[in-house]
Amino acid sequence: MKDRFLVTGGAQLRGVVNVSGAKNSVLKLMAAALLAEGRTTLRNCPEILDVPYMKRVLEGLGCQVEINGDTVVIDTPAETSPNADFDAVRKFRASVCVLGPLTARCGRAVVALPGGDAIGSRPLDMHQSGLEKLGATTHIEHGAVVAQASKLRGANISLDFPSVGATENILTAAVLAEGTTVLDNAAREPEIFDLCEMLKQMGAKITGEGTSTITIEGVEKLHPTEHEVIGDRIVAGTWAYAAAMTQGDITVTGIAPRHLHLPLEKLKVAGAHVETYDRGFRVRMDQRPLAVDYQTLPFPGFPTDLQPMAIGISTVAQGTSVITENIFEARFRFVDELMRLGADATIDGHHVVMRGVTGLSSAPVWSSDIRAGAGLVLVALCADGVTEVHDVFHIDRGYPNFVENLQALGATIERVSTTDQF
Ligand code: UD1
């Protein structure tokens, strides 16, 4: 059974939408629960498919996991299995975040590699070299990354690139290492800050989180904790761009607007009125958006996960935009789908030139990943007629109640189950 969405274009989205916890935080926080024996409770968890997928990974390692609405409770045993096998991890790439905690806790980790991704290759070399600096040996064997360490020792580590995943795996290993680790060129994403907050509540000694140098003084033992997941800035940003593209007026709550500073600034340049509050923002657009250039960069740069929304708004903007993708090389695949709707685009390496058009018309389109799928829906909302968006299981991995939220904002969209395999 595959679901698709039928999206009718033309509505101006208006209303209030609350975002729940960040996908890119909750999965790492769930993995961090492996670091301490006992019951860890996470609140404000998003109801998305990746959370039960992560539950399965943790259960395979010996934890008991309960999901109850937006609360996830993980009961970690005194000893966990070090093996995260392919069946458990194949559904999603983020499962690799168990590598650091398992190496620290069990002295050994065998984590199957979920393989390629529709947004480009995602090597683990920085994860491996970071763990090696801490005293582990690592290698790839039978499709799994294997890390082994009788004792982890603090070290000075400088990343080639501020990788989010490598920063997380190094952090979650270094918290239980002997001595001090200084991690330079670390990722500064708000989700890293959230992970450090939780690790500190568990007894870890960390300073510098949120900057590019994080210092971790290893401790012998961590204890379980209760933690509230930060709001999802990518979901919030998706609603912000939906307001601007449909010339609507959306207020988003449950998010710190500073986590979306640049995407909101870009919307102002495109002609939107943006107001920010303590825990939210409002985007109102009363004209056709103006063309703006974008380039994706690590935080606080423009997030690669909002690049489909940048391309989406450029599709309908007045003028020509250049969008440069600096993080994932294959993230322009969905532009071909946009062209079916009438987008005018030229791809040149990691740049795409979008000449804004009026008069998009509906066509069947296929989602290739979570964010591209959401981007397609936003553009479909600007097209004449009813657009069929296929393979929406991608969207379900990252956007809780996507259809219901869109309907509440005034969109005409429905979910249809189909047995067609195409
Ligand atoms: C995380 C997010 C993803 C987001 C990305 C960048 C999760 C579950 N996913 O992915 O949504 O788009 O951050 O903000 O949190 N790289 C290497 N070697 C490595 C590690 C990474 O070359 O060992 C490269 C990658 O191929 C990519 C770049 O570094 O080109 C950034 O990747 P990274 O920051 O690690 O992204 P993820 O943690 O995989």
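A polar contact, as the term is used here, is a pair of N or O atoms within 3.5 Å; within protein, one of the two must be able to donate a hydrogen and the other to accept it, and residues adjacent in sequence count only if both atoms are side-chain atoms. The model is predicted, and local features need pLDDT of at least 70, side-chain atom pairs count only at pLDDT 80 or more, and totals for chains, interfaces and linings use all residues. Residues are numbered from 1 along each chain as its sequence is written, and side-chain values use heavy atoms, with hydrogens and water left out.

The domain assignment, which is automatic or taken from a database, gives domain 1 (2-19 + 231-418) and domain 2 (23-228), whose C-alpha centres lie 30 Å apart. Contact, meaning heavy atoms within 4.5 Å, joins 23 residues of domain 1 to 22 residues of domain 2. The buried area, which is the accessible area (1.4 Å probe) that two parts lose on being put together, summed over both, is about 1,900 Å² between domain 1 and domain 2, and carbon and sulfur atoms give 53% of that figure. On the domain 1 side, Phe299, Phe328 and Arg397 supply 31% of the area buried against domain 2, more than any other three residues.

Both domains also give residues to the shell around the ligand, so the ligand lies between domain 1 and domain 2. With a residue taken as near when one of its heavy atoms lies within 4 Å, 20 residues surround the ligand, and the closest are Lys28, Asp125, Ser163, Asp305 and Ile327. An oxygen atom of the ligand is 3.0 Å from an N or O atom in the side chain of Asn24, while polar backbone atoms of Val164 and Gly165 each have a ligand oxygen at 2.8 Å. The protein covers 84% of the 740 Å² of accessible area that the ligand has on its own, by the Shrake-Rupley method with a 1.4 Å probe. Helix H1 (23-32), helix H5 (125-133) and helix H6 (164-174) are the elements that give two or more residues to this shell, helices being DSSP runs (H or I) of at least four residues and strands (E) of at least two, numbered from the N terminus.

Returning to Phe299, its peptide bond to Pro300 is cis, with omega near 10°, and Pro300 lies in the loop between strand E18 (294-295) and helix H10 (307-315).
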